[in-house]
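Keep the viewer open as you read.

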Amino acid sequence: MPLPSSAREGVILLHGLCRSSASMKKMESFLSSNGYTVLNVDYDSRDSSISEIAESIIPASLNNPVFVDCERINFITHSLGGIVLRSYFSRNKASKLGRVVMLGPPNQGSEVVDNFKSWGLFKVINGPAGMELGTDELSTPNKLGPVNFELGVIAGDRSINWINSLFISSPDDGKVSVERSKIAGMKDHCVIHVTHPYMMKRVHVMQASLDFIRNGKFKK
């Protein structure tokens with residue numbers, strides 16, 4: 001059911017590594033049809049560090065004129081987008097910040113990066129931000145600390161990339177293990193039988209994301 005105008009809310013969508021806003025179009029349409037003002041952000045995920053990406057896109061997104069009448073602004077992120085968000089809010093606050101849903105976030109890094117980061121082609125394809133997503137204690141996700149906002153995490157447990165999954169602690173979504181999607185301070189966590197590349201397009205993931213934005217918890 002659409003939100004009443006008196007409770008107008010916004011949602012900012014942040015796509016993942018080597019993706020574009022096109023990957024979040026179905027999520028954008030779904031949220032818009034449920035009464036939310038949606039900003040589907042497109043950014044270059046391959047040319048800058050995670051902190052540089054965060055500072056370049058998140059303040060501008062929060063201050064976008066489409067949200068002028070919104071009382072609260074939520075976020076839904078996929079993969080790298082979640083770490084970009086954590087990076088920004090480890091240093092900043094936003095008075096209108098609502099709830100956050102992260103889809104397949106490498107919150108404790110990914111073993112895929114550990115095993116392939118020495119390959120020149122991997123670095124070319126994934127750029128500086130991708131190289132920051134390892135599982136060691138000095139990786140960016142593991143240096144950011146607990147989250148300080150209301151967070152729900154959706155992890156996938158289905159993989160179509162068996163090569164990647166050979167290196168990942170099972171269960172996993174082909175890029176991130178269920179366990180490494182978790183982060184201290186999160187409010188809720190759920191596992192859905194989806195793959196990393198396509199989870200944001202699946203109806204049950206979109207519905208679960210909406211449930212958390214509305215209620216602060218996933219339906220069990």
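**A buried arginine and its surroundings**

Setting aside neighbours within four places in sequence, R86 is in contact (heavy atoms within 4.5 Å) with M102, N107, P141, L144, G145, V147, F149 and I183. Before going further, please note that this is a predicted model, in which local features need pLDDT of at least 70 and side-chain atom pairs count only at pLDDT 80 or more, while totals for chains, interfaces and linings use all residues. Residues are numbered from 1 along each chain as its sequence is written, and side-chain values use heavy atoms, with hydrogens and water left out.

R86 is found in helix α3. Helices (H or I, at least four residues) and strands (E, at least two) are DSSP runs, numbered from the N terminus. R86 is buried, yet it has no salt bridge, and the nearest side chain of opposite charge, E132, is 11 Å away. Here buried means under 20% relative accessible area, exposed over 50%, and partly exposed in between, using a 1.4 Å probe and protein chains only. A salt bridge needs a side-chain nitrogen of Lys or Arg within 4 Å of a carboxyl oxygen of Asp or Glu. For charge, Lys and Arg count as positive and Asp and Glu as negative, with His and the chain ends not counted.

What about the rest of the helix? In α3 (residues 80–89), 10 of the 10 residues are buried, so the helix is largely enclosed by the rest of the structure. Its cover includes the strands β1 (9–14), β3 (72–78) and β4 (97–103), along with the helices α2 (50–62), α5 (120–131) and α6 (140–143).

Let's turn to α5. Its buried residues are F122, N126, G127, A129 and G130.

D211 has no salt bridge either, and K219, the nearest side chain of opposite charge, is 4.1 Å away. Beyond its neighbours within four places in sequence, D211 is in contact with G216, K217 and K219.

Finally, look at R8, in the segment before β1. R8 counts as partly exposed because its relative accessibility is 35%. Its side chain makes a polar contact with the side chain of T37 (3.0 Å); a polar contact is a pair of N or O atoms within 3.5 Å, where, within protein, one must be able to donate a hydrogen and the other to accept it, and residues adjacent in sequence count only if both atoms are side-chain atoms.
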